[in-house]
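Hello,

Here is the structure I promised to pass on. Have a look at it first, and then read my notes below.

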Amino acid sequence: MASIIPKCFSFIILIINMMLFSLISSALSQSPTYMAFVVNATALPPEDSFDYIVVGGGTAGCPLAATLSVNHRVLLLERGGVPHINPTIMRQEGFIPTLRQVDPFHSAAQAFTSEEGVPNARGRILGGSSAINAGFYSRADDEFYDRSGINWDPLLLERSYQWVEKSIVFEPQLQSWQTALRDGLLEIGVQPYNGFTLKHSLGTKIGGSTFNSSGHRHSAADLLNLARETNIKIAVYASVERILFAASDSPESKESAIGVVIRDSAGYFHHALLREKGEVILSAGAIGSPHLLLLSGVGPRSYLSSWGIPVVNHSPFVGEFLYDNPRNGISFVSPKLLEHSLIQVVGITDSGAYLEASSNVLPFPSPVHSIFMRSSSSPLYFSVASIMEKTIGPLSAGSLRLASTEIRVNPNVRFNYFSNPVDLQRCVNGTRKVGELLRSQAMSSYRFLGWSGAEFRFMGLPLPANQTSDEEMSDFCRRTVSTIWHYHGGCVVGRVVDPNLKVIGVDSLRVIDGSVFSISPGTNPQATVLMLGRHMGLKILIERMQKANT
């Protein structure tokens with residue numbers, strides 16, 4: 001009897017997923033084009049073969065898979081579902097609710113907390129973090145390309161940016177709060193004013209947005225509309241358990257990737273195998289890619305052995321050099337109702353910090369009742385404005401460690417915020433700029449008039465009164481540190497992968513995502529990661545054609 005219960009439960013889960021997917025399919029006529037080649041992983045055959053297997057349908061994985069499908073058969077594996085059927089995800093007002101509405105295995109945002117106690121999130125949906133983020137789009141700084149260690153092709157790089165931007169990037173129209181931020185930044189000397197530009201330029205600028213003028217989200221998933229339908233299959237609710245390896249014919253590597261093991265939502269397993277000259281490409285992000293490498297036997301020999309994981313390749317730096325850019329700032333209640341706005345304006349300073357802002361509209365916790373007022377069923381709202389600084393770099397490095405041999409369990413992550421004193425000084429510089437911004441004329445209308453004069457009504461910790469004190473400002477930085485969700489590293493170039501993002505010591509295996517970065521690109525990494533997927537896809541196509549012609 002006991003053995004029957006798990007089977008019944010698996011069958012019920014299978015039926016539920018089939019019903020959910022039939023609802024998705026019934027709406028196909030008003031769905032994105034790519035839904036024509038999306039399948040639930042439960043519908044995958046026990047075994048199939050492909051030229052390229054891309055693990056992770058996120059910010060890099062979607063443009064990469066779409067590009068490779070032009071000439072080759074591609075399987076794109078995503079552990080979450082599809083975004084367009086979730087109205088919360090698809091609207092900019094849903095940014096915060098999406099990050100808050102989490103569960104261990106199914107929500108679009110997978111929550112995790114660093115060992116320092118800082119809450120964070122991973123994308124778990126087709127489109128990845130580009131489907132749950134704040135939508136800001138700005139290209140990398142020139143220094144990033146030189147320091148990344150990646151073998152860039154300048155012509156392909158520019159073409160790749162343009163390919164992305166033509167499809168999913170828009171010019172935002174500033175309203176009151178973002179306009180006030182722009183004016184305040186210019187007033188305190190974050191000059192020059194560069195207007196609307198997608199390029200990284202010192203001063204104040206308006207960046208691009210993946211939300212259109214109606215507040216509708218676009219993401220990496222939309223780039224799948226450009227794929228060749230006959231050459232691509234996208235499997236959702238597909239959890240990749242491990243990478244499969246076999247002995248390599250190459251004198252430089254002992255092992256070669258030959259495919260992956262997939263577990264579907266009903267608990268059944270499937271094998272996706274590589275065809276001749278094919279590759280497995282990890283695009284699971286800065287948490288997912290090093291995590292999967294470790295569980296597949298690519299990592300430090302003694303560490304893997306301590307977990308009972310057979311060692312495929314001794315790679316001592318998998319999970320090391322993991323970074324997260326600190327975010328610090330303040331929030332206050334606005335005396336006037338503001339629009340909902342995410343990041344649109346950025347101040348690029350010369351002191352190691354970027355300044356950004358957002359505004360949110362919230363309902364009062366309970367209606368206000370009075371015997372002198374007629375009660376109303378209409379909710380009452382108030383606005384919260386936030387100003388934040390992002391520390392560039394950073395230089396402080398952390399690491400990722402296994403918490404379990406189960407892929408669905410988050411690994412343990414430590415970022416070591418401000419362990420490098422340069423990062424702490426940059427935070428002090430940035431938060432002082434926030435203080436200057438609060439004292440600007442552009443911010444004067446956001447103060448409440450009281451008996452002691454005009455003042456801000458802060459939510460949370462305000463800036464120290466003595467902002468000239470390095471000690472007090474440093475303490476503020478440490479006490480208020482949070483994430484801006486720009487974590488990166490764990491499979492960095494020169495340590496885990498080579499300049500062409502091939503895993504060192506293993507054949508037919510690459511990592512193409514933000515885990516290869518040792519520094520965050522520009523103000524926000526989204527643009528660069530999207531470009532990276534397209535850029536590397538084009539390079540792989542060109543390299544393969546050149547080999548075929550020799």
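Where is the place of asparagine 416? Asparagine 416 sits in the loop between β22 (412-414) and α10. Please keep in mind that this is a predicted model. Phi of asparagine 416 is near 55°, a positive value in a residue other than glycine, and this residue is partly exposed, with a relative accessible area of 25%.

Asparagine 420 caps the N-terminal end of α10, with a side-chain oxygen 2.9 Å from the backbone nitrogen of valine 422. Helix α10 has 18 residues and spans 26 Å from its first C-alpha to its last, close to the 26 Å expected at 1.5 Å a residue. Its buried residues include Leu424, Cys427, Val428 and Thr431. The buried residues of α10 pack against several elements, among them α7 (176-187), β17 (326-333) and α11.

Helices α10 (residues 421-438) and α11 (residues 470-480) pack at an angle of about 100°, with their axes 9 Å apart. That makes α10 roughly perpendicular to α11. On the α10 side, the contact includes Leu424, Val428 and Arg432, while α11 contributes Met473, Phe476 and Arg478, among others. The residues of this contact divide into six nonpolar, three polar and three charged.

A few backbone details are also worth a look. The peptide bond from glutamine 191 to proline 192 is cis, with omega near 0°, and proline 192 lies in the loop between α7 and β7 (193-196). The bond from glycine 393 to proline 394 is cis too, with omega near -10°.

Best wishes

Notes
Residues numbered from 1 in each chain as written. Predicted model: local features only at pLDDT ≥ 70, side-chain atom pairs only at ≥ 80, totals over all residues. Heavy atoms only, no water. Axes fitted to C-alpha atoms, helices over the stretch in contact; angles between N-to-C directions. Helix = DSSP H or I, 4+ residues; strand = E, 2+ residues; numbered from the N terminus. Parallel < 35°, antiparallel > 145°, perpendicular 65-115°, else oblique. Contact = heavy atoms within 4.5 Å. Nonpolar A, V, L, I, M, F, W, Y, C, P; charged D, E, K, R; others polar. Expected span 1.5 Å × (residues − 1). Buried < 20%, exposed > 50% of the residue type's maximum accessible area, 1.4 Å probe, protein only. Polar contact = N/O pair within 3.5 Å; in protein donor to acceptor, adjacent residues only side chain to side chain.
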